[in-house]
Every structure is written in C-alpha cells, then in structure tokens.
Amino acid sequence: APSKVEYNKNLKEDGKMDYPKKLIDEVKERSKGMQLEGINSGSGPQHPLLMIVGEAPGRNEIVNNIPFSGDAGKELDKSLKQIGLTRDQVYITSAVRSRPFAIKKVFSKRENKEVIKYPNRKPTKKEILAHAPFLDFEIDYAQPKLIVALGNTGLERLLGSGHKISAEHGQVIKNTPILRLNETKDGYIWSKERYTIFPEYHPAAVFYNRKLTDDIIKDWDKIKPYVEKEKSENE
C-alpha cells in the first residue's frame with residue numbers, strides 16, 4: 001500500500017478524496033461503454049471510527065459531490081447521531097463512484113410529446129467490478145476496522161454474491177476478509193486483512209417501506225458498542 005504521506009496528499013481540505021489521476025484514468029478505461037455519469041468522491045478521515053459502503057451516487061451526489069446527500073443522507077445522519085457519530089468521524093463511499101443511469105422514453109403530458117429521461121438505476125456486476133479499484137484504494141487509505149454495508153450492492157461487493165440485507169441486517173460479521181481485485185484485475189480475491197462488517201438497510205429503504213424504521217433503529221443500536229470500543233481505544 002502507498003505510504004501515509006502519499007495518501008494525505010490525496011485528501012482535499014474539505015475531506016473529499018482526491019483520487020490520483022492514474023486511478024481515475026484506469027477506472028474510466030475499465031468503464032468504457034457503460035451508462036455511467038460523473039465521478040463522486042468518497043469522503044472522510046483516515047482511521048475513521050466507521051466506514052460506510054453504499055451502492056452508487058444518484059443525480060444529487062454527482063451535482064454537489066457530497067456522498068449520501070438529499071433525503072437518504074438525512075436518514076443516514078440520523079442513524080449516525082443515534083450511535084454518537086457525526087459525518088466527519090466516518091468515511092463514506094460506495095461500490096460504484098459514478099451514477100448508473102437508464103435511458104427511458106416516456107410520454108410527457110406537460111410537453112405533449114415523447115421525451116427521453118435518464119433515471120438512476122442499480123449498478124451491474126460489471127460496473128461494480130470496473131469501479132473496484134476505487135473502493136480498494138479507499139479501504140487502503142482509510143484502514144477501517146468497522147464497515148457498514150448499506151444495501152445489497154455494498155454487502156455483495158464486500159462479501160460476495162448471495163448475501164442479502166433482508167436476511168442479514170442487524171447481524172455482526174466479525175473478523176472476516178473482504179473481496180478485493182485480483183492481480184489480473186478481472187475478478188476478486190479475499191483480503192489478508194480482516195474486518196467487522198455490519199449489514200444494514202439502505203437509508204432510502206424507509207421511503208418505500210415505513211415499517212423498516214424500527215428495524216433500522218434496532219440494527220444501528222448493535223453497532224454502538226463497537227464504535228464506543230473504537231473511541232476508547234483511540235483516546
């Protein structure tokens with residue numbers, strides 16, 4: 001891994017990750033021909049109390065370059081506050097750092113004609129693999145011990161396909177390796193380092209199913225003792 005000195009050059013004053021040009025060029029090359037827009041930088045300190053891995057930025061994040069902005073961001077802030085954290089104590093990123101968009105023809109009543117829309121969509125496995133160098137770089141930079149996987153995409157990127165938030169939310173997966181790019185960069189291998197992973201519902205899940213609110217509060221409560229332990233060890 002690059003030295004800490006090199007990494008510190010990569011963090012802007014506002015806490016946003018300033019990816020090395022070589023890394024951006026590599027991911028752009030790997031993403032050629034994919035329906036992806038812009039690059040939204042991850043943000044946060046080195047050795048954060050918690051790292052958060054989401055799915056991909058939406059339109060807001062690409063415009064304002066703030067991970068988890070908008071309504072989902074407000075829900076995430078609530079969960080962080082619940083366990084005694086603020087954003088500047090966590091590193092926030094996602095499996096894909098560009099916005100995956102669909103191309104849809106819809107009839108606009110207002111314009112009385114067919115128009116083309118470009119809504120957000122879930123990233124594909126190929127897109128997640130194309131963006132894998134970003135997440136590996138950020139994990140090497142942040143060196144977190146505790147990682148929250150928000151939603152299935154983040155969870156599968158870390159622990160492999162077949163993992164589901166609906167089945168695993170609120171669990172604590174201790175002392176586990178995570179997936180990293182292999183040497184040929186066309187697939188994954190398990191990391192030597194081990195982490196504690198918390199699978200959690202994506203903050204936006206409550207907008208589709210209000211019944212999840214209580215589950216989300218209970219699940220984040222389980223993270224609290226681990227964060228408290230990290231805090232006391234860092235003091």
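In this tour, buried means under 20% relative accessible area, exposed means over 50%, and partly exposed lies in between, using a 1.4 Å probe and protein chains only. The model is a predicted one, in which local features need pLDDT of at least 70, side-chain atom pairs count only at pLDDT 80 or more, and totals for chains, interfaces and linings use all residues. Residues are numbered from 1 along each chain as its sequence is written, and side-chain values use heavy atoms, with hydrogens and water left out.

Begin with the whole protein, coloured by pLDDT, the predictor's confidence in each residue from 0 to 100: the average is 90, and 94% of the residues score at least 70. Of the 235 residues, 49% count as buried.

Next select residues 1–9, where pLDDT stays under 50. Where pLDDT is low, the predicted coordinates should not be read in detail.

Then select His-47, in the loop between β1 (36–37) and β2 (50–54); its phi is near 50°, a positive value in a residue other than glycine, and at 39% relative accessibility His-47 counts as partly exposed. Most residues other than glycine have a negative phi.

Finally, move to Gln-143, which sits in the loop between α6 (132–142) and β7 (146–150). The phi of Gln-143 is also positive, near 50°, and with a relative accessible area of 38% Gln-143 is partly exposed.

Note on methods
Contact means heavy atoms within 4.5 Å. Helices (H or I, at least four residues) and strands (E, at least two) are DSSP runs, numbered from the N terminus.
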